[in-house]
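Hi,

Here is the structure I promised to pass on to you. Have a look at it first, then read my notes below.

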Amino acid sequence: MAEMMRYLSNHTTAQKLLISGILIIINILVVQSTSKILFKTVKNSGTYYNLRKRFSFTFTLILIVLILLVWSESKLDLTTYMGFISAGIAIALREIFTNIAAWFIIVFQKPFEVGDRIHVNGQTGDIIDIKLFQIILLEVSSIDFGEQSTGRIVQIPNNFIFIHSITNANKGFDYIWNEIEVRLTMDSDWEVAKQILNEIINKHALHLTNEVKESIYEASKKYMLYYRNLTPIVYVNVKDGYIALDVRYLCETRKARVTENDIWQAILIAFKENDQIKMYQ
């Protein structure tokens, strides 16, 4: 490299002009080729634009440094030139490098995989693809709206795993604890209501088959995951002006809204037929 620098700087003006022209042509060809490759491989227009600009900036910076080497009369140390180039590349391609590093972590450590439902930086969705620079999600709505698919595609940069916490609904085992709060007036017979709720959730909630128990057992081998009680339960609490009966039950990750719908319908029918129970409004 040092020999190349001495070669670049020890030439006549005509030779320097010729070398500079060749370097400029090479830079143009490299930039155009890179743009074509990115255009074919990167589908998102915003990502393509940002990557193209960063690569163009980096190649231009390298071109400027090389031309300075050609025309410079001083013999600057190799480390000085390399420092300029390295600093420029690090600044221009910082996000690219961190995205690639994150991709290696995702591929080899597998904090999540295609098909998993994750929540990151306010976005929740099912992973439909993992690319070199981004995670592709099929967005789902919030918990309040049942986490149903919106049909929108969300692209999350891979380096988000370094700066944001990620919730994975499928890591561990494919079941979640879902809760429903049933509010009753203070003069309601909460004991009767609790008995009714227990009957309903034991009928509609997920029955603990051997498959589910095996899933939990396998997950406990990888994580400090332990549940003492896996059966549905109803907790009683008194809040500001009403009695809260919190129904907690185990269900499949993507069936929370379906089971909640079935349970609520059964609750409304049962309470409608009982004069001792009044829903709090």
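Valine 30 is partly exposed, as its relative accessible area is 33%; "buried" is under 20% relative accessible area, "exposed" over 50%, and "partly exposed" in between (1.4 Å probe, protein chains only). You'll find valine 30 in helix α2, residues 13–41. Helices (H or I, at least four residues) and strands (E, at least two) are DSSP runs, numbered from the N terminus. Together with Leu18, Ile22 and Ile26, Val30 makes a nonpolar patch on the surface, and the four share about 340 Å² of accessible area. A patch takes residues with over 30% relative accessible area and no salt bridge, joining like charges within 9 Å and nonpolar side chains (Val, Leu, Ile, Met, Phe, Trp, Tyr) within 5 Å. Areas come from the Shrake-Rupley method with a 1.4 Å probe, and for residues only the protein chains shown count as cover.

Before going on: this is a predicted model, where local features need pLDDT of at least 70 and side-chain atom pairs count only at pLDDT 80 or more, while totals for chains, interfaces and linings use all residues. Residues are numbered from 1 along each chain as its sequence is written, and side-chain values use heavy atoms, leaving out hydrogens and water.

Now the salt bridges (a side-chain nitrogen of Lys or Arg within 4 Å of a carboxyl oxygen of Asp or Glu). By that rule there are seven. In one of them, arginine 152 pairs with glutamate 139, with the closest N and O atoms 2.7 Å apart. Arginine 152 is in strand β4 (residues 149–157) and glutamate 139 in strand β3 (residues 134–140), so the pair ties together parts 13 residues apart in sequence. Arginine 152 is exposed at 52% relative accessibility, but glutamate 139 is buried at 12%.

Glu181, Arg183 and Lys239 are linked in a salt-bridge network. Glutamate 181 meets arginine 183 at 2.8 Å, N to O, and lysine 239 also at 2.8 Å, N to O.

Last, which residues of α5 are buried? They are Ile96, Asn99, Ala102 and Ile106.

Cheers
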